[in-house]
Amino acid sequence: MRHSSAEPNKIPPLRLLAWETTRRCNLACLHCRAAAGSGPYPGELTTDEGITLLDDLATMGQIVVIMTGGEPLLREDVFDLAAYGARQGHRMVMAVNGTLLTPQIAAKLKDAGIQRLSISIDGAAAASHDRLRAVEGAFDGALAGIAAAREAGLPFQINTTVTKANLTELPAIHELAIKLEAAAHHVFVLVPMGRGEQLRDDLVSPEEYDKTLRWLLERQREGRLFIKPTCAPQYYRLWRQDAHARGEKINPATHGMEAMTKGCLGGQGFAFVSYKGEVQPCGYLELLAGNIRETPFPEIWANSELFKQLRAVDDYRGKCHSCQYRKVCGGCRARAFAMTGDVLAEDPICPYEAVG
């Protein structure tokens, strides 16, 4: 395929890597990209293979390594791997559901070098959260986990996946995150893949999406809590439009975007490694760039044809091809693939029509 973007072969620096340390999980969330469950899941990367990955990442700089799952706390060596990554200079963080987190485990994670946890709250009360998590008591368990993190002095953020079902609860969830003294609120917009494919009808409409992003921008301007929309690259277009309308100078640091060159970072500053060593642009985009059991991660990052495709933003199709914000936003590649089967297609829920 011809790559027509300016400097398409320039290799962007890797900033964040999500490592699916295990696919085992004690919950069965309806929106889970991995359709994770109790397992077993044969073929999990060994401790030594995890260490090799962390070593290889260290040759690329100091990376934010997100230890995710499934539920990472079900992996027996997760504390040792976290401590090793921290010694290598990486910023080690972990995504947990909170239900297995005790004050003792939180303290152990902090001692191992975990700098922040993410804990998901997908409803303002137990009924809606537990419905999405498919396990009664998940909401109370998450709150208990948050209390444990606070007791240990371990910073945490709240993650929320937005669907039609919980969209009206987002303001209350945001207020709960503030009340709980979270360090940030990361708001994910559903990508209907994995078990989440069953929620395709719950994907927000373009109008609901635009309204939600504008609400998030207003909350970010209030400055009460740092907000990061995820799988929502159109936010970066809105932010620029809003700043221009206000006559303000573009200042990424104001919105915590100093590390962001564009909205969708899949293959451009971010990558995902599955529990079996498969390398993907992100966890929601199940297209393979390679496998670290066969090729070292830095080589995959530099040479993958899939990553080269994603970096050539001028080759995107549909509205994304003609949009003047394609290098700022880029559309959600995972949602485009999940909804159309074409990784370069336009983002199906983007409401914006390019000018000129």
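**Salt bridges and burial in a predicted model**

Biologist: In this predicted model, what separates Arg214 and Asp210 in helix 7?

Modeller: Arg214 and Asp210 are four residues apart in helix 7, so about one helical turn lies between them.

Biologist: How do you know that Arg214 and Asp210 form a salt bridge?

Modeller: The closest N and O atoms of Arg214 and Asp210 are 2.8 Å apart, and a salt bridge requires a side-chain nitrogen of Lys or Arg within 4 Å of a carboxyl oxygen of Asp or Glu, so the pair qualifies.

Biologist: Is Asp210 buried or exposed, and on what value does that rest?

Modeller: Asp210 has 17% relative accessibility, and buried means under 20%, so Asp210 counts as buried. Arg214, with a relative accessible area of 43%, lies between the 20% and 50% limits and is therefore called partly exposed.

Biologist: Why are Arg133 and Asp122 classed as they are by accessibility?

Modeller: Arg133 is at 7% relative accessibility and Asp122 has a relative accessible area of 1%; with the limit for burial set at under 20%, both residues are therefore buried.

Biologist: Which parts of the chain does the salt bridge between Lys164 and Glu208 link?

Modeller: With closest N and O atoms 2.8 Å apart, Lys164 and Glu208 form a salt bridge that links distant parts of the chain, since Lys164 lies in the loop between strand 5 (156-162) and helix 6 (170-179) and Glu208 in helix 7 (residues 206-222), 44 residues apart. Lys164, at 36%, and Glu208, at 27%, fall between the limits of 20% and 50%, so each is partly exposed.

Biologist: How many helices and strands does the protein contain, and why is it called as compact as a globular protein of its length?

Modeller: The protein has twelve helices and ten strands. Its radius of gyration is 19 Å, close to the 21 Å given by the globule rule for 356 residues, so the description as compact as a globular protein of that length applies.

Notes
Residues numbered from 1 in each chain as written. Predicted model: local features only at pLDDT ≥ 70, side-chain atom pairs only at ≥ 80, totals over all residues. Heavy atoms only, no water. Helix = DSSP H or I, 4+ residues; strand = E, 2+ residues; numbered from the N terminus. Rg over C-alpha atoms; globule rule 2.2 N^0.38 Å. Buried < 20%, exposed > 50% of the residue type's maximum accessible area, 1.4 Å probe, protein only.
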